[in-house]
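Trainee: I'd like to learn how to read a few features off a model. Could we go through them one at a time?
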Amino acid sequence: MAPADLIGVVAQVVLAGVLGLAALGKLSRPGEFRQVIRRLGAGPAVAGVAAGGVIVAEAVATCGLVAAPSAWWPRAVVAVLAAGFAGAGAVALATRTSVACRCFGAAGNARLGWHQVWLLPAWWAAAGLAQAYPPGWSARTGLAGLAAGLLLASGWRLRREWALSRELRGDRLIVRELAPDEEAHAEVTS
Amino acid sequence: MTIVLLILVCVLGAGLFVQFGALVEMYEQLKQVRRYLHLVDTPETLDLGVTAGQPPSTVGLPAELDAAANGLVLFLSNKCESCRTLAANLRGGALPEALWVVVVPVSGDAESFVEEFDLRHPRVLVDDGEQIVNRIGLDTTPVLIAVEGGTLARAQTVPTVRQLYQALPIVDKRTFVPKIPTP
């Protein structure tokens, strides 16, 4: 594989990975993402449609990037989404509104602002590189890669879930089980 | 056909990712609630004050401990619920090698507590008049005090049986088998 082709492959994989994780993260907490759009000034109905639209667009772009690597439209969707993210950051800056950035659906202290604006050239550069040197893998290979990536990501989350469940089980064992008559007493007195 | 199967795996993978994320979120919330309600199995370190570094016999503990390289003294009151759970696991005087038990009769007589859990062992003491705990300045039970090199080294609360096992020297954890009630 020529270095130029490798650049296209890396750019496309990075775009697919970032957008795929973003879509899944937002899908896990769609309400919070809707709130972000509302805080930017949209009404409830518009925010609902926009939130759903962004999640669908991210998911569709991810599928397109992996299953149709040489097609131009997934990269066009990426470019439009990136412009939207930067626009949201610009609106937050212009209106001096502090909006929690549910980037990737994550909870945290990050705020919408310059970060989203500065990332726009990076998004467009990656999309441009992938467009200039489009990868040539087949739809089957791309989907197999996506499936492997999703299963790996699920396994990574399962590790965290497993560790937490063990910890919680350990703590549960310290709580004395109530005898049936004590439970009845607790219900009567509560 | 392969493409359809791969799409199916992708959909399942995405579903798993979202579901595991929801579980992690729920567990994190449960942890928060338990921490708020103090239902977590975390021992707290206690300050031994001026008695830190002193030989155990100076606070009224057996002089035998002054010669111990490593030892643990467990203080149980005859009323607290956690103390009863710990005592139930030491029923019949099944004390690990390095462990001493001090029963503190905060109300009434310690004898009924000792009898109830059959704590018959030479290393089980009764702190009549709460003299030992008053000298150390302990106002909570159950508490574990570590004796190292013949001196009082540190103290911690013992919220659970698990924490008691955790504090025991490894050699004792291996040989100490808690009594399992027969049906």
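Predicted model: local features only at pLDDT ≥ 70, side-chain atom pairs only at ≥ 80, totals over all residues.

Trainee: Then is A:Phe85 buried, exposed or partly exposed?

Mentor: A:Phe85 is partly exposed, because its relative accessible area is 21%. A:Trp123, at 15%, is buried. For chain A as a whole, buried residues make up 34% of its 190 residues.

Trainee: How many aromatic pairs are there over all chains?

Mentor: Rings of Phe, Tyr and Trp (its six-membered ring) pair if their centres lie within 6.5 Å; planes under 30 degrees apart are stacked, over 60 edge-to-face, and the rest tilted. The whole structure has three such pairs over all chains. One of them joins A:Phe85 and A:Trp123, a tilted pair at 6.0 Å centre to centre with 50 degrees between the planes. A:Phe85 sits in helix α4 (residues 73-94) of chain A and A:Trp123 in helix α5 of chain A, so the pair ties together parts 38 residues apart in sequence.

Trainee: How many helices and strands does chain A have?

Mentor: Helices (H or I, at least four residues) and strands (E, at least two) are DSSP runs, numbered from the N terminus. Chain A has seven helices and zero strands.

Trainee: At what angle do the axes of α1 and α5 of chain A cross?

Mentor: Axes are lines fitted to C-alpha atoms, for helices over the stretch in contact, and angles run from 0 to 180 degrees between N-to-C directions. Helices α1 (residues 3-28) and α5 (residues 114-132) of chain A have axes that come within 8 Å and cross at roughly 130 degrees. Contact itself means heavy atoms within 4.5 Å. Among the residues making this one are A:Leu15 and A:Leu19 of α1(A), along with A:Trp123 and A:Ala127 of α5(A).

Trainee: And in chain B, where does B:Leu138 lie?

Mentor: B:Leu138 is in the loop between α4 (131-136) and β5 (143-148) of chain B. Its relative accessible area is 12%, so B:Leu138 is buried. Leaving aside neighbours within four places in sequence, its contacts include B:Leu46, B:Phe75 and B:Ile145.

Key
Residues numbered from 1 in each chain as written. Chains lettered and ligands numbered in written order. Heavy atoms only, no water. Buried < 20%, exposed > 50% of the residue type's maximum accessible area, 1.4 Å probe, protein only.
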